Structure formats: C-alpha cells, structure tokens
Amino acid sequence: MVHAQSKTRFNLEWSLTSTAARHCLSMGYHREERVSQLQPLEAERARRLFWHVYLFDKNLSSRLGRTSIIQDYDVDLSLCTVSEDPGREPWDSAFNSFVELSRIQGQIYESLYSAATRDLDVVERSQRVSRLESRLNQWYDTWSCIDVSVAYDRETFDSTFGPISVIYFSILTLCHRGATLSNSAHDIAPACYHAAHQGLKTHLAHCSRLAFSDPPQVSTYTLWIFYYTSFTPFVVSFLHCIANSDLNDLQLLGDVLESLEQFGPMFEYSERQFHLCKALYRIAEAYIESPKTITSRESQAMSTICLPLQNHFACNWSWHDSELQLIEFADTFTAGWELPGRDDA
C-alpha cells in the first residue's frame, strides 16, 4: 500500500487497501475483545496494523469518491498506546490524531457525498456541514496542542507533519462543498471559497520554505501531504475566479501553478497535475482577458462545472491543445467533470 502510494498508483493502492481491510475484518482486528486476547506485543502490532489500514481506507474513500470497506459502526478497537517516552509520545499522538482525521474524512463522504445523501434538502445538508466543520476544527485545535519540542528525529517529524494545514484546509473545502449539489459557481458557499483560498495560500507558504530544503523533504511533501488531499481547493478557486472575473484569484492560481513546476520533474503524477492546473489557469486567464467575446450561454456553462472529489487524472485531457477556444470549452469541459461520489469521479 505504501509503495503504491509512493508511486501514485491510486487504483493499485485502492485494490491493496481493500484487500488488507477485508483481511483485518476477517481476523477480527477491528474488535477490542479479539485483539485484547492476543499476547501484548502481538496485540499492539495488530492494533497498529489495523489503524494503518483504516487510515488508508478512509483517505482513499474521500479522494476517490468510493465507499470505505471498514465501517465505523462496526469498530470498537481502542487506539494505539501512547508511549510514556517523551521523545516517542509526539509520534504516537500524531498517529492517533491522524486516525481521528481519517474518521472525519470518511464521515464527510458518507454524510454529504454518498448515494444515500442525494435527496437531502439544503437545510439538512447545512446542518451536517456545520457538525462536521465543528469536529474538524476541534481536531485541528487538538492537533495544535501536541508538544513536538522533544520529539525524536525532530527534522523528520517537522517535514512530515509541519504542513498539516494544507490537509486541514483541503478537507474543510470538501466539507463546505457538500452543502449543495448545485454545480453553479454562484451557489458555492463563501466559506467554501475561503477555505479553498486559505488552502492554496498555505501550500504556497510551505513551498517557499521548501525552496531551501533537500530533495527528500520536497518528495515527502509532494507524496504524503499535497497528494494526500483532494484537488477541490484548486478547482473551487478556479470557479471563483471565473464567476467573479477576479484578478486576485487569477494571480493565486498562477502562483500555485508556478509552485508546481518544482514538483513536475520529480514524479509523473505531479507532472500531470501541473499540466492540468496549467490548462485551468489558461482557461481562466482567457476568460478574464476576453469578456466581450463571451456570450450569455457560454458564461452560464463556464460557471456550471461539476467538482470531483479527487485529482482527476483518469480522464484524457488531450483536448487542451495550445489553441483552445472558449466556445469549445463551454461544451467540452462541462462534460469532462463528474459528480462527486461516482466510482469514476
């Protein structure tokens, strides 16, 4: 699973994670009664194994828009024991905290994006978003209280968990995006736009520090932080840019695009993301610079775009040639994005 993620082969990662999850369930590792009967060392290994698989399962469910294999209502296993060693304690606390974050990710999908939520009215959706946002904020406050001052291998800890705000704002954006099923940019809540902007700005702030870092730290951020999150913040900011013809948004998108150039040569996956972001930026730039050429029909199509739950690289983006015309975009791009929660999203 870890190797598949490091190679950004998400379909393989999903297949391996699903298999591992089913094995854990079949062995009863999701139940405290079963694990507590094992020898202490074996029990701790089983506990840590299960929560690692759980973390992968919930995160992939959120990114790929698929139902997780492990269901929370069937799990009563206690979290891993937090070491009394001051140097080890921050690592254990961080791991347990990520388990809770993964649980929230799973609940965002189940409460707002699963097929069972299609008929929810706006009021119920708003209430669910409010509850999930509250839980996410509480999690972030708790995370901020972890004392890392004496953590073993502090440099690795900081490079691994330092940019946690990027993940937080990405998940918060996805949460607020679920407040409505409307695909119109004008119907997306201001809180969603704010979270998206904060996520991209936080990413840029961290990238400015990475410019002076070693390649392994850049690799860690690219694989384990930036691609741990969904693609939604960039798309939401893109929609906000088009809906408001906002030059500040365009500048933000351009800055993010520039930051991705340092990742592109390192991994095939990051290079694909760079080209997709470049295409979206070019569309927004052309739209803002040529407002008089946009008809009312095209304007409506431009602001009505479905958002995926994750980085949408399964599709063929070859139609983004160098001479892309806005009139072609109005018909083609709208069909290119799938609704959240679909298996092919």
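Reader: What makes you say that Arg125 is buried yet has no salt bridge?

Author: Happy to explain, with the reminder that this is a predicted model. The nearest side chain of opposite charge to Arg125 is Asp121, 7.6 Å away. A salt bridge needs a distance within 4 Å, so Arg125 has none.

Reader: Which backbone oxygens does the side chain of Arg125 reach, and why do they count as polar contacts?

Author: There are two to look at here. The backbone oxygen of Leu112 lies 3.1 Å from a polar atom of the Arg125 side chain, and the backbone oxygen of Gly178 is reached at 2.8 Å. The cut-off is 3.5 Å, so the distances for Leu112 and Gly178 qualify.

Reader: Where does Arg125 sit, and what is around it?

Author: Arg125 belongs to helix α6, which covers residues 122–144. Setting aside neighbours within four places in sequence, its contacts include Leu112, Thr117, Gly178 and Leu181.

Reader: Why are Cys80 and Cys175 called buried?

Author: Buried means under 20% relative accessible area. Cys80 has 4%, so the term applies; Cys175 has 0%, so Cys175 is buried too. Of the 345 residues of the chain, 54% count as buried.

Notes: Residues numbered from 1 in each chain as written. Predicted model: local features only at pLDDT ≥ 70, side-chain atom pairs only at ≥ 80, totals over all residues. Heavy atoms only, no water. Helix = DSSP H or I, 4+ residues; strand = E, 2+ residues; numbered from the N terminus. Buried < 20%, exposed > 50% of the residue type's maximum accessible area, 1.4 Å probe, protein only. Lys, Arg positive; Asp, Glu negative; His and termini not counted. Polar contact = N/O pair within 3.5 Å; in protein donor to acceptor, adjacent residues only side chain to side chain. Contact = heavy atoms within 4.5 Å.
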